[in-house]
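Here are my notes, point by point. Please keep the structure open while you read.

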Amino acid sequence: MQTACGLRPLASDYAGMRIVGGADALPGAWPWLVSIQIPAREGTRHSCGGSLVSPRWVLTAAHCFKAKGRVLPQWRIVAGVTELSHLTDLAQTRGVQRAVLHPAYDPRREANDIALIRLDRPVAFNDLAQPACLPSAHMAVATFAPCYVSGWGVTDEKSQKPSDILQEAQVHLIDLETCNGSRWYNGAITATQLCAGHEEGGIDSCQGDSGGPLMCRDELTDRYYVVGGV
């Protein structure tokens, strides 16, 4: 187990709620979450989420690098931020040095949809920026609860504009048998993937949340672990 990860100094007693049909996250609620931003007509814009796993590495989704030109020196990540249009003095902006995609990433099936980003400079950890915990192979992730997803994705399925304020949603881990049923993904989910949400629908991640974490609490350590990604 990582010795100093999954800490939420400003949110130890904070319980969040929802993303599509969601609620604004409080500052420091998920301090490992970063905004990955790409060039836009005016400066940069939010493209994907990611999770700090060390001062110079961010965990995200491999599909965040599809059809975006991959001019990585023009990309940036912003840590320690909740409201993208209002970066406080505690927000930390870093450049992207390189990206490492999983060698077996299959974009057609979205299998092994994992990537790491190396930053040009380390992020300084503080109350608003902390590294995420990653589970070891022996951990019973299926027993972790509660679970949340969080991101700056669109909050209305008809919208194309990302949320300016970080959103969060509580979700449940759903067993593969249910998830692969005909009412859901009809066998498309593999044994290396996790399924999370609500069987009745209504609360979910959306466009722009890609790369962000699925985070679940381990009761034994009282820490949140990034157990999957969007």
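How many aromatic pairs does the count come to? The count comes to six. Bear in mind that this is a predicted model.

1. **An aromatic pair.** Take Trp30 and Tyr148. Their rings sit 5.2 Å apart, centre to centre, and the planes make an angle of 45°. The pair is classed as tilted, because stacked needs planes under 30 degrees apart and edge-to-face needs over 60.

2. **Buried or exposed?** Trp30 has a relative accessible area of 4%, so it is buried. Tyr148 also comes out at 4%, so Tyr148 is buried. The cut-off for buried is under 20%.

3. **The surroundings of Trp30.** Trp30 and Tyr148 are part of one aromatic cluster, together with Trp32 and Tyr224. A charged residue is there too: Arg8 lies over the face of Trp30, at 4.3 Å from the ring centre.

4. **Disulfides, the count.** How many disulfides does the structure hold? It holds three. They are taken in turn below.

5. **Cys5 and Cys133.** The sulfur atoms of Cys5 and Cys133 are 2.0 Å apart, and the two residues form a disulfide. The link is right-handed, with 90° about the S-S bond. Both Cys5 and Cys133 are buried.

6. **Cys48 and Cys64.** Here the S to S distance is 2.2 Å, and a disulfide joins Cys48 to Cys64. Why is the disulfide of Cys48 and Cys64 left-handed? Because the torsion about its S-S bond is about -105°. The pair links distant parts of the chain, 16 residues apart. Cys48 is in strand 3 (residues 44-54), while Cys64 is in the loop between strand 4 (57-60) and strand 5 (76-79). Cys48 and Cys64 are both buried.

7. **Cys147 and Cys216.** These two form a disulfide with sulfur atoms 2.1 Å apart. The torsion about the S-S bond of Cys147 and Cys216 is about 110°, so this disulfide is right-handed. It links distant parts of the chain: Cys147 in strand 8 (residues 147-151) and Cys216 in strand 11 (residues 213-218), 69 residues apart. Both Cys147 and Cys216 are buried.

8. **Strand 8, one more look.** Two residues discussed above meet here.

Key
Residues are numbered from 1 along each chain as its sequence is written. This is a predicted model: local features need pLDDT of at least 70, side-chain atom pairs count only at pLDDT 80 or more; totals for chains, interfaces and linings use all residues. Side-chain values use heavy atoms; hydrogens and water are left out. A disulfide is a pair of cysteine sulfur atoms within 2.5 Å. Buried means under 20% relative accessible area, exposed over 50%, partly exposed in between (1.4 Å probe, protein chains only). Helices (H or I, at least four residues) and strands (E, at least two) are DSSP runs, numbered from the N terminus. Rings of Phe, Tyr and Trp (its six-membered ring) pair if their centres lie within 6.5 Å; planes under 30 degrees apart count as stacked, over 60 as edge-to-face and the rest as tilted. A charge sits over a ring if NZ of Lys or CZ of Arg is within 6 Å of the ring centre and within 35 degrees of the ring normal.
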